[in-house]
Amino acid sequence: SEHHDEPGNQVTVPSFYVKSNKCDESDEASCGYFGYCLDDSSVCDCAESGYLGPMCQAPDPCPLLEVDVGKSFPDISKSFKLLYDNSDDETTALALWKGRPIYISSDDDDVYSKYFEVILFTGSRWIISDTERLLSETGNFTVESLWRQHGASIGETRAIYVSDETFEYSPSGLSWNRWVDNKLLNEKQENGLIGTVTPTESFLMCKRCTNFF
């Protein structure tokens, strides 16, 4: 659980640093040797490289995630695939939220389901949720629909499962927690509590192999 400390209590703050994300077009290393630096804005364009991050430093995301056998999440799908943005008829790009890919459930029996599970990054944690918790509107699940509903921030209390704090670019191999007391965003949060979580042994793995038989 999380809470606000009483005034006067000493709180340890994690160390961090701020670094400019401007690149140097004369230095290929400034975009990780994978992207290229845009002349007009001095930011890296990683779109065609398959890499992510402000400096194209994160490897291409895993195309298919599967729940580890024997340590499955008991009430969600067993596999997840990348979500793509098809709003442009000429191109198909990865759908990103907070600079990370979005995954949706890919189980065969969920194809015709009105609601399906979603994995996305909130800024400090990955969450596993579903379209019923994330969206009140009907229609296609897109980055635009998330933006209309939440603006730039999605509350972690809309999750079914929430990871430990991380800045990884993939939800694969992370430690997860299940909400026990999941307070809705529009309810009064007494004493600053946002809910209670309990650790789970479940975790996701990247599946890159192909069955040729």
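**Figure 1. Asp-130 and its salt bridge with Arg-133**. Asp-130 is buried, with a relative accessible area of 10%; buried means under 20% relative accessible area, exposed over 50%, and partly exposed in between, using a 1.4 Å probe and protein chains only. The model is predicted, so local features need pLDDT of at least 70 and side-chain atom pairs count only at pLDDT 80 or more, while totals for chains, interfaces and linings use all residues. Residues are numbered from 1 along each chain as its sequence is written, and side-chain values use heavy atoms, with hydrogens and water left out. Asp-130 forms a salt bridge with Arg-133, and the closest N and O atoms are 2.6 Å apart. A salt bridge here is a side-chain nitrogen of Lys or Arg within 4 Å of a carboxyl oxygen of Asp or Glu. Arg-133 is partly exposed, at a relative accessible area of 37%. A search of the whole structure finds three salt bridges; the next two views show Glu-66 with Lys-207 and Arg-125 with Glu-165.

**Figure 2. The salt bridge between Glu-66 and Lys-207**. The closest N and O atoms of this pair are 3.3 Å apart. Glu-66 lies in strand β3 (residues 64-67) and Lys-207 in the segment after β15 (204-206), so the pair ties together parts that are 141 residues apart in sequence. Helices (H or I, at least four residues) and strands (E, at least two) are DSSP runs, numbered from the N terminus. Both residues are partly exposed: Glu-66 has a relative accessible area of 27%, and Lys-207 has one of 33%.

**Figure 3. The salt bridge between Arg-125 and Glu-165**. The two side chains meet at 3.7 Å, N to O. This pair links distant parts of the chain, 40 residues apart: Arg-125 is in the loop between β10 (117-121) and β11 (126-130), and Glu-165 is in the loop between β12 (161-163) and β13 (176-182). Arg-125 is buried, with a relative accessible area of 14%, whereas Glu-165 counts as exposed at 59%.

**Figure 4. Strand β10 and the strands paired with it**. Five of the five residues of β10 are buried, and the strand is mostly covered. In a regular strand the side chains alternate between the two faces of the sheet. In β10, Glu-117, Ile-119 and Phe-121 point one way, while Val-118 and Leu-120 point the other way. Two strands pair if DSSP finds at least two bridges between them. Strand β9 (residues 103-105) is joined to β10 by two bridges, and these strands run antiparallel; Ile-104 has Val-118 as its bridge partner in β10. Five bridges join β10 to β11, also in an antiparallel arrangement, and Leu-120 stands opposite Ile-127 in β11. β10 and β11 form a hairpin with four residues between them, and Gly-123 in the turn has a positive phi of about 125 degrees.

**Figure 5. The buried and exposed sides of helix α2**. Within α2 (residues 143-150), Ser-145, Leu-146 and His-150 are buried. Seen down the axis of α2, the buried residues fall within an arc of 110 degrees, so they line one face of the helix; the arc is that of the directions from the helix axis to the C-beta atoms. Trp-147 and Arg-148, on the other side of α2, are exposed. The buried residues of α2 pack against β7 (96-97), β10 and α1 (131-134); contact means heavy atoms within 4.5 Å. Gly-151 follows α2 and has a positive phi, near 70 degrees.

**Figure 6. His-150 in helix α2**. His-150 has a relative accessible area of 15% and is buried. Its side chain reaches the backbone oxygen of Leu-134 at 2.6 Å. This is a polar contact, a pair of N or O atoms within 3.5 Å; within protein, one must be able to donate a hydrogen and the other to accept it, and residues adjacent in sequence count only if both atoms are side-chain atoms. Leaving aside neighbours within four places in sequence, His-150 is in contact with Leu-134 and Arg-158.

**Figure 7. Thr-198 in strand β14**. Strand β14 covers residues 195-200, and Thr-198 counts as partly exposed at 35% relative accessibility. The C-alpha atoms of Thr-198 and Arg-178 are separated by 5.4 Å, although these residues are 20 apart along the chain. Not counting residues up to four places away in sequence, Thr-198 touches Asn-177, Arg-178 and Val-180.
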